[in-house]
Amino acid sequence: VSANTSTQNTEILISNFSFNPTPVVVPAGGQVIWRNNDIGIVHTVVAAGNQFASGLIAGGDTFTTVPT
C-alpha cells in the first residue's frame, strides 16, 4: 500500500503590476508560487489577515508558501 504524497503547485505570475491567473483556487496542502516577471521592479505579497508575507520579491525571483 502506498500513500499519495503528490502535491499540486499553483503558480501566480506578477506582471505589469497585476496577478495572473485571478482568481485562484488552491487545493488543501497545495503550494502557491508567486513569480515576479517585472524585471527591475520588486513586489510583495501579503495575505489578507497577515497569515503570510513574502518580503521583497525581486524581478525574476519567486516566493512560495503553503496556505493554511
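## Surroundings of S54

Contact here means heavy atoms within 4.5 Å. In this predicted model, S54 touches H43, T44, V45 and F63, leaving aside residues up to four places away in sequence. S54 sits in the loop between β3 (31–36) and β4 (62–65).

The side chain of S54 reaches the backbone nitrogen of V45 at 2.7 Å. The relative accessibility of S54 is 15%, and buried means under 20%, so S54 counts as buried.

## The sheet

Four strands form an open sheet in the order β2-β1-β3-β4, with mixed pairing. β2 (18–20) and β4 stand at the edges with a single partner strand each, so one side of each has no neighbour in the sheet. From one strand to the next, the twist averages 20°.

Strands of a sheet pair through backbone hydrogen bonds, either parallel or antiparallel. For β1 (residues 9–15) and β3 the sense is parallel, over six bridges. I12 has W34 in β3 as its bridge partner.

## Aromatic pairs

The structure holds three aromatic pairs. One of them is formed by W34 and F52; this pair is tilted, with 5.6 Å centre to centre and 45° between the planes. The pair links distant parts of the chain, since W34 lies in strand β3 and F52 in the loop between β3 and β4, 18 residues apart. Both W34 and F52 are buried.

Ring pairs join W34, F52 and F63 into a cluster. F63 is also among the residues that S54 touches.

Key:
Residues are numbered from 1 along each chain as its sequence is written. This is a predicted model: local features need pLDDT of at least 70, side-chain atom pairs count only at pLDDT 80 or more; totals for chains, interfaces and linings use all residues. Side-chain values use heavy atoms; hydrogens and water are left out. Helices (H or I, at least four residues) and strands (E, at least two) are DSSP runs, numbered from the N terminus. Buried means under 20% relative accessible area, exposed over 50%, partly exposed in between (1.4 Å probe, protein chains only). A polar contact is a pair of N or O atoms within 3.5 Å; within protein, one must be able to donate a hydrogen and the other to accept it, and residues adjacent in sequence count only if both atoms are side-chain atoms. Two strands pair if DSSP finds at least two bridges between them. Axes are lines fitted to C-alpha atoms, for helices over the stretch in contact, and angles run from 0 to 180 degrees between N-to-C directions. Rings of Phe, Tyr and Trp (its six-membered ring) pair if their centres lie within 6.5 Å; planes under 30 degrees apart count as stacked, over 60 as edge-to-face and the rest as tilted.
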